[in-house]
Amino acid sequence: MTNPRRQLCWRSVFVTFAVCTGTMASGEEDRTVEEKETNNKKRTKGAIATAWLTFYNIAMTAGWLVLAVVMVRYYLQKGTHKGLYKNIARTLKFSQTFALLEVGHCAIGIVRTSVIVTGVQVCSRIFMVWFITNSIRQIQNEESVILFVVVWTITEITRYSFYTFNLLNHLPYFIKWARYNMFIVMYPLGVIGELLTIHAALPYVRRSGMYSLRLPNKYNVSFDYYYFLIIVMLSYIPLFPQLYFHMLRQRRRVLHGEIVVEKDE
Amino acid sequence: LDLIVGSVVAAPGPPTPAKRKPTKKTKKAVVFFEVEILDAKTKDKLCFLDKVGKVLPSFSLHWYPARQSIRLDPKGKSLKDEDVLQHLPVGTTATFYFRDLGAQISWVTVFLTEYAGPLLIYLMFYFRVPFIYAPKYDFTTSKHWVVHLACMCHSFHYVKRLLETLFVHRFSHGTMPLRNIFKNCTYYWGFAAWMAYYINHPLYTPPIYGEQQIRLALTVFLFCQIGNFSIHIALRNLRPPGSKTRKIPYPTKNPFTWIFLLVSCPNYTYELGSWLGFTLMTQCLPVAFFTLVGFIQMTVWAKGKHRSYLKEFRDYPTLRSPILPFIL
């Protein structure tokens, strides 16, 4: 009696997991059946992968929680956000850079998301942390920085705890609700924070000529970081709607998918 | 959905010659096929034809034949125009799946557009047309002779490509999806502008090793241009005019084709060589970047071609690599 139930539970979790990690091809359903059929070898590999992913997601949840706690404590003690960045800089850099591992997870296949999508997302975060806020000190006390850091913290805590609970087969509904609903507000807010920060950094970049290469030089190439940043800002215009609507579609599919599974049972 | 019948469904060779030449009184049995065409994604029945016995005209309302992909399996490969209904693995009731390939454009059009662009764009930078560089440089020429040489090489390369498209190449497919022309032109035109900007810049720095470097680069460039052209001619001669047959290419009397012993797609090898020569000649990082990106794309194509050669011909020479002898 318990066996078929557990199998079904595994399958629905796997499907939800695959669905929630962004693998939306309709072929995925067939693949989960295939996976069950070639079970033995894959079970051991799957167990190690699951153990590692669980550890990774717990660690990342913890990292971003620490960041949240530090920020709240600082604000309660000092009453202002000035000087906050210096306190959280190291934790932020550490947590965000660690996320590069996620690209590796997709590349070796233990997480079924597109390498390119994950790569682009992680790279844009790394870019913001290392090439904007870390290197342009004058903007570190801007409100927009706090805005996007807060947004990122909330989003990442939700996301990583979602993955953790999924892997442990115990997903509280409110975490799933948070993951698939909060982005509707968080995502645009985060984009606003990032764009405002880059915009604030522009005058300092122009004045200092940082990361730029002028002619003449023996490589016969030039690079202007100022114009590069302007292009980056413009690229949000085509990219943001695509990602936003992708997440909206994922959300609809998860809710819709839930109904279908219930019908089967 | 309206009736969509592509030319593939029409059997070019009718199953019964007796219908056409009634000179002999012997009657051959007429084989009729029933054909149904389903949409590959939704499996809706698009049309059903009974008694397909003779060549059907290809009429369609807005899905012209080049856009139609008819296949035996929804996820399989498209059938070709030359396929005859009789010779396909179907019973007397054939089920085909239809997929709309989207708006199509001919390969020749795409090639001509994507090659004409770099030719003209580079010349605009070479002649320093206004609004590119500072106004005092308008319509001036560079004082470095390597810049003039580079312009000649670059222009020669694209003129060669245009002429080959018009007179040499024999294309297997007539058309490609329309959006490819935007993608391809952005790539070619964008890179051409980026390279040309720096090579023809008033502050251009000539190669460090001066004349030696330029001479070597020019030799490599010309050698590979001739090689590339030789390969295109050899490939053209493999295929009689109007046919779409595929044969294994072999070295000919032309020494430039002897590379076929080691490589499946030497046209790409020579192309890489040409651009390496051009990079060396101009010592320009954007050119190196363009060479790298082109190399990656050509490697992908070469590997695909190599794989399809191996699949199609059992006696395919084992010494050959896709693009770089023994390496890749």
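# Chains A and B: a working chat

Visitor: Which residues of chain B carry the UniProt annotation "transmembrane region"?
Guide: The unreviewed UniProt entry places "transmembrane region" on residues 105-127, 186-204, 216-235, 256-278 and 284-302 of chain B. UniProt positions are given in the numbering used here, feature names are shortened, and annotations may be inferred rather than shown by experiment. This is a predicted model, in which local features need pLDDT of at least 70, side-chain atom pairs count only at pLDDT 80 or more, and totals for chains, interfaces and linings use all residues. Residues are numbered from 1 along each chain as its sequence is written, chains are lettered from A and ligands numbered from 1 in the order in which they are written, and side-chain values use heavy atoms, with hydrogens and water left out.

Visitor: How much of residues 186-204 of chain B is helix?
Guide: That span is 74% helix and 0% strand, with its end C-alpha atoms 25 Å apart. Helices (H or I, at least four residues) and strands (E, at least two) are DSSP runs, numbered from the N terminus.

Visitor: And residues 256-278 of chain B, what are they?
Guide: Residues 256-278 of chain B are 57% helix and 0% strand, and their end C-alpha atoms lie 20 Å apart.

Visitor: New topic. How many residues are in contact between chain B and chain A?
Guide: 11 residues of chain B touch 8 residues of chain A, contact being heavy atoms within 4.5 Å.

Visitor: What area do they bury?
Guide: About 850 Å² between them, 58% of it on carbon and sulfur atoms. Buried area is the accessible area (1.4 Å probe) that two parts lose on being put together, summed over both.

Visitor: Which three residues of chain B supply more than any other three?
Guide: B:Tyr198, B:Leu203 and B:Thr205, with 52% of the area that chain B buries against chain A.

Visitor: How many salt bridges or polar contacts are there between the chains?
Guide: There are 0 salt bridges between chain B and chain A, and 6 residue pairs in polar contact, both residues at pLDDT 80 or more. A salt bridge is a side-chain nitrogen of Lys or Arg within 4 Å of a carboxyl oxygen of Asp or Glu. A polar contact is a pair of N or O atoms within 3.5 Å; within protein, one must be able to donate a hydrogen and the other to accept it, and residues adjacent in sequence count only if both atoms are side-chain atoms.

Visitor: So where is there a salt bridge in chain A?
Guide: A:Arg159 pairs with A:Glu156, the closest N and O atoms being 3.1 Å apart. The two are separated by about one helical turn because they are 3 residues apart in helix α7 (residues 143-167) of chain A.

Visitor: What about the backbone, which peptide bond is cis?
Guide: The bond from A:Leu215 to A:Pro216, with omega near -10°. A:Pro216 sits in the loop between α9 and α10 (225-264) of chain A.

Visitor: Which residue other than glycine has a positive phi?
Guide: B:Arg128 has phi near 50°, and its place is the loop between α1 (107-126) and α2 (145-167) of chain B.

Visitor: Last one. What is the mean pLDDT of chain B?
Guide: The mean is 83, and 82% of the residues of chain B reach 70 or more; pLDDT is the predictor's confidence in each residue, from 0 to 100. Over residues 1-25 of chain B the pLDDT is below 50. Where pLDDT is low, the predicted coordinates should not be read in detail.
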